[in-house]
Amino acid sequence: MKAAVLNSIGHDLTMEEREIPVPGNNEVLIRQNFTGICYRDILTRDGFFPRVSLPIIPGHELSGIVESVGANVTHFKKGDRVASLIYLPCGHCRNCISGNENLCAFKKTLGEFLDGTYREYIAMDQRSLVKVPDGVPEELSTIAACVTGMATHALDTVAGISAEKKVLITGSGGGVGSHAIQIAKAYGAEVAAITSSEWKKEQLLKLGADHVIIASDNFSKDLKGIWPDGADIVMENTGSATFKESFRSLSFGGKMVVPGNLTPASPELPLGILILKGVTVAGSISSTRLDMEKALNMSKNGKIKPVIWDRILLKDVNSAMSDIKEKKNVGRVLIKFH
Ligand SMILES: [Zn+2]
Ligand SMILES: [Zn+2]
């Protein structure tokens, strides 16, 4: 099979021939229909994850049909539909045992320490897998860990979203943001979406956003025009670029959850406001299998619809990455294997 491989930081991926893997005792061989192109893959290529072990096959958004299973695998069988965490947790540490495997210090991320998903067949340890319920579109199972599961982790597990909350989402035209709007609405919250691209406004309203604000140097003022008390929850998907205004948008006791940062810069944290308003800033990393199951169940009920900008062939991955970096897309770009 063909695989796209990152051989050196800052350079295009190259197409190489690789063997279809044979699953180990605890592994499941998965045939993918799709994998997602994630901003993290671009950051990896550009050198933001310095510990990446080269050469590596990038990609971590994994779902598909079970082709075969190793000797110790009993929970999955040939023909099952599965989706995977973006990493392999150790399975034994305190965080793994308590169901917080996203916080496992020993986890190995696909496309960083383990060869990833930019290839049709991949063998993955059963510890990372969940079954995909009937009725979930294949595209939503592919993004159940890194997009919908990740947004569910940030909004629900970390920020404690509920129906009476006002939720501000930055970077809302991107792959994560466009699904996060739908997830926040599925929980019954009121949603304001921030985007830097005026042309994305119409689509964000269609996805369910109650308000759309075009990002500016003082969008917190625009937000206060809509919600005078501010936002109960801010999901900060872009990171440093919008952090200052997001922070100003928080209500008393509000909570900012930060699952992403698109630039290496670190923002200033105004401690006076942090203290006086009693706000919280919390990081959010990836998703657990429980988050994935919640996201898959919402996907099954049609509360989340896949926002897919394009389905490209593996050989076109380099130009697709350039387009994503230039924010030409609304929603996810997928690699289609057949
Ligand atoms: Zn991802
Ligand atoms: Zn662990």
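Student: Which residues does Pro259 touch, leaving out those up to four places away in sequence?
Tutor: In this predicted model, Pro259 touches Met150, Ala154, Asn237 and Ser284.

Student: Where is Pro259 found?
Tutor: Pro259 is in the loop that runs between strand E15 (250-258) and helix H9 (271-276).

Student: Is Pro259 buried or exposed?
Tutor: Pro259 is buried, because 23 other C-beta atoms lie within 10 Å, and the cut-off for buried is 20 or more.

Student: And what separates the C-alpha atoms of Pro259 and Glu120?
Tutor: The separation is 28 Å, for two residues that are 139 residues apart along the chain.

Student: Is the crossing of H4 and H5 left-handed or right-handed?
Tutor: H4 passes H5 in a right-handed crossing.

Student: New topic, H8. Which residues of H8 are buried?
Tutor: Helix H8 covers residues 240-248, and its buried residues include Thr242, Phe243, Glu245, Ser246 and Phe247.

Student: What covers the buried residues of H8?
Tutor: The cover includes strands E11 (166-169), E12 (190-195) and E14 (231-235), along with helix H7 (219-226). E15 is also part of that cover, and E15 is the strand at one end of the loop that holds Pro259.

Student: Zooming out, how many helices and strands are there in the protein?
Tutor: The protein has eleven helices and 18 strands.

Student: What does the radius of gyration say about the protein?
Tutor: The protein has a radius of gyration of 20 Å. A compact globule with 338 residues would be near 20 Å, so the two agree.

Student: What does the C-alpha trace span along its principal axes?
Tutor: About 60 × 40 × 35 Å.

Student: What percentage of the residues is buried?
Tutor: Buried residues make up 51% of the 338.

Student: And of the contacts between residues at least 6 apart in sequence, what percentage joins residues at least 24 apart?
Tutor: That is 68% of those contacts.

Note on methods
Residues are numbered from 1 along each chain as its sequence is written. Chains are lettered from A and ligands numbered from 1 in the order in which they are written. This is a predicted model: local features need pLDDT of at least 70, side-chain atom pairs count only at pLDDT 80 or more; totals for chains, interfaces and linings use all residues. Helices (H or I, at least four residues) and strands (E, at least two) are DSSP runs, numbered from the N terminus. The radius of gyration is taken over C-alpha atoms; the globule rule is 2.2 Å times the number of residues to the power 0.38. A residue is buried if 20 or more other C-beta atoms lie within 10 Å of its own, exposed if 12 or fewer, and partly exposed in between; C-beta atoms are placed from the backbone. Two residues are in contact if their C-beta atoms, placed from the backbone, lie within 7 Å. A crossing is left-handed if the near helix is turned anticlockwise from the far one by less than a right angle, and right-handed if clockwise.
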